[in-house]
Amino acid sequence: MTDSPSPSDPSKSPGKLASWAFRRVLLALGAVALAAGGYALFHRGAPPSPAPKADPVANTPGLPAAGPPGAPGPAQSQAQVPARAPVPPPALPPATIVPPAVEPAPPFKAEELSGFRLKPPEPQTEPDPPASERYELTLRLERGDTVEKMLADIDVPEAERRQIAQKLQGLLGKKRLAIGEAIQLSMQTLPERPDAPRVLSLSVRPQPEREYIITRQDDASYDAEEKVYKVSPRVVRIEGERKGPLMQSGAKAGVPAAAMTEFVRALAFDIDFQREIKEGQRFTVLLEQRVTSDGHVTHPGRLLAGEWRLLKRTVTVIRFRPQGGAEGFFNRQGESVVRSFLRTPMDTSRVTSRFGMREHPILGFSAMHAGVDFAAASGTPILAAGNGKVVMAGPNGGYGNYVKLQHTHDVATAYAHMSRIGPGIKPGAMVRQGQVIGFVGSTGLSTGPHLHYEFLRGGKHVNPLTQKFAMRAMVAGKDAGRFQALARQYVNQMKHAPMAADLKPKPKPTTSAQIVKRDE
Ligand SMILES: [Zn+2]
């Protein structure tokens with residue numbers, strides 16, 4: 001029976017033999033002709049037959065070499081038969097597939113088989129235990145929502161959802177989940193109860209370091225667990241490029257706003273933003289993040305150091321705390337920037353009138369310009385150039401709204417033409433460097449919105465733009481060695497620390513339906 005089961009097309013056998021003979025002739029004629037002709041022939045005369053050597057499987061690979069046909073053993077052609085058997089479905093002998101004992105099966109099974117063949121995947125992966133479907137869901141609490149209500153919305157049976165809600169409440173105690181909180185669910189639907197999905201687990205993580213998990217047990221009860229993740233510091237760097245406003249450039253690179261503000265303020269001591277900062281310049285910040293043991297960032301990063309690459313020089317700022325002193329930023333040489341003065345008392349500005357003699361634009365006669373004018377949009381915040389005490393704050397004749405700060409016994413700064421004075425800025429108030437003391441305006445004798453800025457030493461007006469090294473303190477004594485080591489480390493880390501963007505936690509693998517996408 002197994003030997004010649006190919007009654008598939010007995011009529012073809014003679015033709016087959018004919019082509020065999022024909023091929024031999026061709027062979028004698030020439031190799032090239034053989035290659036083409038023989039190949040075509042083989043592809044036409046398909047099914048295996050008693051005719052030796054007609055088996056295409058055995059021949060095709062070594063076609064040209066197969067010239068003088070070494071008598072193909074019957075064993076070979078036999079071996080090919082069962083392998084090919086399933087291919088022609090119509091004449092399939094039932095015995096090859098179905099055990100002969102089963103009586104009604106053969107015709108049925110064959111049809112089934114050919115039917116499956118037409119559909120691409122999944123022939124019979126899930127044989128008996130009917131498919132119980134598992135999937136992940138992320139739901140968000142809405143206003144007025146409770147976890148129990150939410151579970152009711154997705155048809156979790158009442159007894160189950162009540163138990164889950166109670167367990168969760170037990171974990172949370174008096175804490176309440178915020179609106180928008182993401183609830184992760186792992187679900188299962190049993191085929192016999194497709195309308196009553198079962199919760200395998202529920203987890204919520206109101207803070208990155210704390211996760212609350214409710215898990216279904218084998219006995220259908222629920223277990224509650226609070227997971228606390230260890231938080232530790234991690235140093236990362238971010239590279240950015242100046243495109244438009246500095247804060248925006250920072251945000252685009254992924255620098256947290258607070259760190260970028262500190263960076264820009266620290267740079268303001270050494271960089272003339274108007275003249276030196278150009279589009280396309282690159283910067284690096286080194287941040288210390290706080291990260292949970294599973295990679296969730298709990299603090300986006302405190303600025304440790306930063307580097308701005310100007311055209312001809314690179315400005316570096318290093319965070320450092322001298323012994324017994326306040327933490328601040330220092331340049332690479334260990335000069336504190338904190339106690340010097342802001343070069344420009346605004347984040348963005350443009351010098352429109354310099355210190356010295358000039359024709360007064362309103363009064364019309366030549367006079368000493370005792371300060372520097374910075375043009376900026378009305379409402380732009382004006383920053384205290386250094387720590388100090390407010391000695392005047394209010395309207396002051398041609399100066400308009402005016403603030404004067406005393407920084408040391410002999411250094412003072414003054415700010416004029418404000419549209420309004422900053423909150424809490426009154427005579428006697430202490431201000432910190434960089435604090436907003438007012439907003440750009442055009443009050444008093446002024447032709448348009450600008451800041452008139454004066455710098456006084458020993459009561460005399462001096463040019464603020466030449467005062468950049470005034471009052472600069474150095475790290476000294478025991479601090480010096482410690483600072484240099486730290487600065488070297490930071491400068492090195494600004495080149496080699498892992499990039500923050502490469503350390504984003506991988507999202508949990510979720511299977512199917514996801515109602516709301518996870519963020520983070
Ligand atoms: Zn002026």
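V285 stands opposite G306 in β8, in a pairing where 8 bridges join β7 (282–292) to β8 (297–309) and the two strands run antiparallel. Here two strands count as paired if DSSP finds at least two bridges between them, and the elements themselves are DSSP runs numbered from the N terminus, with helices (H or I) of at least four residues and strands (E) of at least two. The model is a predicted one, in which local features need pLDDT of at least 70 and side-chain atom pairs count only at pLDDT 80 or more, whereas totals for chains, interfaces and linings use all residues. Residues are numbered from 1 along each chain as its sequence is written.

Taken as a whole, the chain comes to 11 helices and 23 strands. Of its 520 residues, 27% are buried, a residue being called buried if 20 or more other C-beta atoms lie within 10 Å of its own, exposed if 12 or fewer do, and partly exposed in between, with C-beta atoms placed from the backbone. Among the contacts in the chain with a separation of 6 or more, 62% are between residues 24 or more positions apart, where contact requires the C-beta atoms of two residues, placed from the backbone, to lie within 7 Å.

The pair of β7 and β8 belongs to an open sheet of 5 strands with antiparallel pairing and the order β6-β7-β8-β9-β10. Because β6 (231–241) and β10 each have a single partner strand, they stand at the edges, and one side of each is left without a neighbour in the sheet. Neighbouring strands of this sheet are turned by 30° against each other on average, direction ignored. Helix α11 (residues 478–496) lies across β6, β7, β8, β9 and β10, and runs at about 125° to β9; such angles run from 0 to 180 degrees between N-to-C directions, and the axes are lines fitted to C-alpha atoms, for helices over the stretch in contact.

The axes of α8 (residues 246–253) and α9 come within 10 Å and cross at roughly 135°. That makes α8 oblique to α9, since angles under 35 degrees count as roughly parallel, over 145 as roughly antiparallel, 65 to 115 as roughly perpendicular and the rest as oblique. In this contact, L246, M247, G250 and A251 in α8 meet A257, M260 and V264 in α9. By class, the contact has 6 nonpolar, 1 polar and no charged residues, where Ala, Val, Leu, Ile, Met, Phe, Trp, Tyr, Cys and Pro count as nonpolar, Asp, Glu, Lys and Arg as charged, and the others, Gly among them, as polar.

Another open sheet of 5 strands has the order β1-β2-β3-β4-β5, again with antiparallel pairing. Its edge strands are β1 (133–140) and β5 (222–228), each of which pairs on one side only, and its neighbouring strands are turned by 20° against each other on average, direction ignored. Between β1 and β2 (residues 182–190), which run antiparallel, there are 8 bridges; in β2, the bridge partner of Y135 is M187, and that of L139 is I183. A hairpin then joins β2 to β3 through 2 residues, and 7 bridges link these antiparallel strands, with L190 opposite R193 in β3. Helix α7 (residues 158–172) lies across β3 (193–207), β4 (210–216) and β5, running at about 30° to β5.
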